[in-house]
Amino acid sequence: GMSGAASIADMHARYPDLLLVVLSGSEQLADVNGAINHGARGYIPKSEPPAVMLAAIKLVLNGGVYLPHLKGQEELAARSKLIKLTSRQMDVLKCLALGEPNKLIARKLDISEGTVKTHVDAIMNILSARNRTQAVLLAQQLGLVE
């Protein structure tokens with residue numbers, strides 16, 4: 001008797017360590033957004049080829065987040081809005097994308113190395129990335145950084 005997003009939120013609340021992936025006939029951005037914001041780690045449209053579905057599931061099992069390919073720059077920009085980073089986290093993420101170590105990021109942004117580490121940990125958590133490299137790759141896919 002629950003809607004899709006409510007079902008996801010309920011399942012996520014009951015089993016927070018469960019990796020939820022939505023397989024749906026809908027390709028509407030609002031549905032993708034609702035699923036991810038309520039705890040799903042992936043959203044796979046049924047129109048995707050089996051190889052893409054399998055790759056998406058493997059990505060989620062390896063700690064990533066799968067979002068379907070959306071068409072057009074407007075939709076790409078909308079995808080990036082699914083991920084909520086503070087402006088300071090974005091500054092740190094841009095430095096990570098340049099391959100800069102924590103010490104250099106701290107100097108560049110005039111913050112402590114401990115604060116950089118806190119931001120890096122938060123970025124990896126928000127992006128569901130295991131490490132800095134995976135966080136940067138996902139951010140690049142989402143169009144958050146170049």
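Which residues in α6 meet which residues in α7? On the α6 side they are Asn102, Lys103, Ile105 and Ala106, and their partners in α7 are Glu113, Val116, Lys117 and Val120, with contact taken as heavy atoms within 4.5 Å. The model is a predicted one, where local features need pLDDT of at least 70, side-chain atom pairs count only at pLDDT 80 or more, and totals for chains, interfaces and linings use all residues. Residues are numbered from 1 along each chain as its sequence is written, and side-chain values use heavy atoms, with hydrogens and water left out.

The residues of this α6 contact with α7 split into 4 nonpolar, 1 polar and 3 charged (Ala, Val, Leu, Ile, Met, Phe, Trp, Tyr, Cys and Pro count as nonpolar, Asp, Glu, Lys and Arg as charged, the others, Gly among them, as polar). The two helices pack at about 105 degrees, their axes 8 Å apart; axes here are lines fitted to C-alpha atoms, for helices over the stretch in contact, with angles from 0 to 180 degrees between N-to-C directions. That makes α6 and α7 roughly perpendicular, a label for angles of 65 to 115 degrees. Helices themselves are DSSP runs (H or I, at least four residues), numbered from the N terminus.

Within α6 (residues 102–109), Asn102, Ile105, Ala106 and Leu109 are buried. Down the helix axis, these buried residues of α6 fall within an arc of 100 degrees, so they line one face; the arc is that of the directions from the axis to the C-beta atoms. They pack against α5 (87–97), α7 (113–126) and α8 (132–141). Buried means under 20% relative accessible area, exposed over 50%, and partly exposed in between (1.4 Å probe, protein chains only).

Most residues other than glycine have a negative phi. Asp110 sits in the loop between α6 and α7 and, at 71% relative accessibility, counts as exposed.

As for charge pairing, the structure holds 4 salt bridges, each a side-chain nitrogen of Lys or Arg within 4 Å of a carboxyl oxygen of Asp or Glu. One of them joins Lys108 to Glu100 (2.9 Å, N to O); Lys108 is partly exposed at 47%, while Glu100 is buried at 12%. Another links Asp121 and Lys117, with the closest N and O atoms 3.3 Å apart. Those two are 4 residues apart in α7, so about one helical turn separates Asp121 from Lys117.

Terms used: Parallel < 35°, antiparallel > 145°, perpendicular 65-115°, else oblique.
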